[in-house]
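Me: I would like a close look at a single part of this model. Please keep it brisk.

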Amino acid sequence: MMRFHKLAIGLIMAGLIAGLGYKGYDEYKASQASEQTERVATDDTVLGGLEIGQRAPAFELETIEGETLALDAYAGQQVVLNFWASWCPPCREELPELIEFGEETGIPVLGVNVTKNERRGKQDVEAFLKEVPVSFPVLLDEAGTVEKTYRVVALPTTYVVGPDGVITAKQVGPVDFNWLREQTK
């Protein structure tokens with residue numbers, strides 16, 4: 001008799017669960033039929049940062065030395081914007097190329113450190129720059145606002161901005177002297 005009760009209760013529970021599952025599936029199918037399908041953006045300008053031909057957004061950040069520097073200070077000139085972090089191996093690898101490019105061509109290079117991603121913030125950047133001194137301004141994006149504005153999705157990311165303030169080249173991943181030279185002709 002006890003076995004019969006357990007079997008009956010088990011069958012009733014299974015029936016209830018199956019009924020709820022079917023009702024849930026039925027409601028799901030009805031809601032899918034009534035909703036319009038939303039298009040998924042596959043355009044790189046949405047997911048992969050700003051693109052060539054777009055205006056480079058103006059920004060103002062503090063340098064590692066504590067001075068304020070604005071992108072607008074370079075209006076009328078080509079400028080290379082390099083987003084990087086001290087812990088990023090490809091960022092470290094490309095640094096000598098950026099230094100050499102800036103020194104040989106005279107085209108301004110701005111290193112935008114994504115400081116909010118540094119473990120100890122500005123302290124990590126200062127320690128790194130003692131190891132590897134650079135000859136171009138290092139800007140501290142402590143709140144990540146410039147990184148967000150440019151929709152940077154990977155480090156390093158480099159933009160070349162033309163004299164008119166429009167992005168003329170973009171590279172996600174490390175750059176080298178030849179790429180920089182080719183993009184700034």
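Reply: A word on the source comes before the details. This is a predicted model, where local features need pLDDT of at least 70 and side-chain atom pairs count only at pLDDT 80 or more, while totals for chains, interfaces and linings use all residues. Residues are numbered from 1 along each chain as its sequence is written, and side-chain values use heavy atoms, with hydrogens and water left out.

Now the helix. H3 covers residues 89-105, 17 residues in total. Helices (H or I, at least four residues) and strands (E, at least two) are DSSP runs, numbered from the N terminus. From first C-alpha to last, H3 reaches 25 Å, close to the 24 Å expected at 1.5 Å a residue. That expected span is 1.5 Å times one less than the number of residues.

H3 bends by about 35 degrees at Leu95. The bend is the angle between axes fitted to the seven residues ending there and the seven starting there. Pro96, a proline, follows within four residues.

Leu95 is also buried, as are Cys91, Glu94, Leu98, Ile99 and Phe101. Buried means under 20% relative accessible area (1.4 Å probe, protein chains only).

Your answer follows. Contact here means heavy atoms within 4.5 Å.

Just past the end of H3 sits Gly106, with a positive phi of about 80 degrees.

For comparison, take a loop residue. Leu50 lies between helix H2 (44-47) and strand S1 (60-63). Leu50 counts as buried because its relative accessibility is 6%. Its contacts beyond four places in sequence include Tyr159 and Ile167.

Conventions
Buried means under 20% relative accessible area, exposed over 50%, partly exposed in between (1.4 Å probe, protein chains only).
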